[in-house]
Amino acid sequence: MRIVIAALLACSLSGCIAKTALDVATFPVKAASKTVDVLTTSQAEADQKRGRAIREREECIGREYRRAQSERRTPDYSRCPAA
C-alpha cells in the first residue's frame, strides 16, 4: 500500500516539477513581450487617443459658443486646447 502511495506522489510531483520548469523557461519571453507591449502604442490605441482629443476639443468649442451666446459676445476659441 505504501508503495502505491509513494508511486502516486512521485508521479504527481514530477508533473509539478515539469510545470515549474516550463514556467521558468518561458518567463523571460513573457516578461520581454509584456515590456514591449507596455512601451509601444498600437495603431488602435493611437486612434482612440486622437478621437478622444478631438471630442474634447469639440465639446469645449460647444461650451464656449453657448457661453458666448448667453453673454452676447463673440466666442473666443483660443480658450479651448488644440486637438
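**Ground rules**

Residues are numbered from 1 along each chain as its sequence is written, and side-chain values use heavy atoms, with hydrogens and water left out. Because the model is predicted, local features need pLDDT of at least 70 and side-chain atom pairs count only at pLDDT 80 or more, while totals for chains, interfaces and linings use all residues.

Side chains of opposite charge can pair when their charged atoms come close. A salt bridge here is a side-chain nitrogen of Lys or Arg within 4 Å of a carboxyl oxygen of Asp or Glu. The structure holds five of these salt bridges. Glu64 takes part in the ones listed below, including its link to Arg67.

| Arginine | Partner | Closest N to O |
|---|---|---|
| Arg67 | Glu64 | 3.7 Å |
| Arg73 | Glu64 | 2.8 Å |

Salt bridges with shared partners join Glu64, Arg67, Glu71, Arg73, Asp76 and Arg79 into one network.

Arg67 and Glu64 make a local pair. Both sit in helix H2, which covers residues 43-70. They are three residues apart, about one turn of the helix.

**Buried or exposed?**

Buried means under 20% relative accessible area, exposed means over 50%, and partly exposed is in between (1.4 Å probe, protein chains only).

Is Glu64 buried or exposed? Glu64 has a relative accessible area of 2%, so this residue is buried. Arg79 reaches 51%, so Arg79 counts as exposed.

A contact means heavy atoms within 4.5 Å. Leaving aside residues up to four places away in sequence, Glu64 touches Arg73, Pro75, Asp76, Tyr77, Arg79 and Cys80.

**The disulfide**

A disulfide is a covalent bond between the sulfur atoms of two cysteines. The rule used here asks for a pair of cysteine sulfur atoms within 2.5 Å. By this rule the count is one disulfide.

Which cysteines does the disulfide join? The disulfide joins Cys60 to Cys80, with 2.2 Å from S to S. Cys60 lies in helix H2 and Cys80 in the segment after H2, so the pair ties together parts 20 residues apart in sequence. The link of Cys60 and Cys80 is left-handed, with -90° about the S-S bond. Cys60 and Cys80 are both buried.

**Ile61**

Ile61 also has its place in helix H2. With a relative accessible area of 27%, Ile61 is partly exposed. Ile61 touches Tyr77 and Cys80, not counting residues up to four places away in sequence. The C-alpha atoms of Ile61 and Ser78 are separated by 9.2 Å, and these residues are 17 apart along the chain.

Conventions
Helix = DSSP H or I, 4+ residues; strand = E, 2+ residues; numbered from the N terminus.
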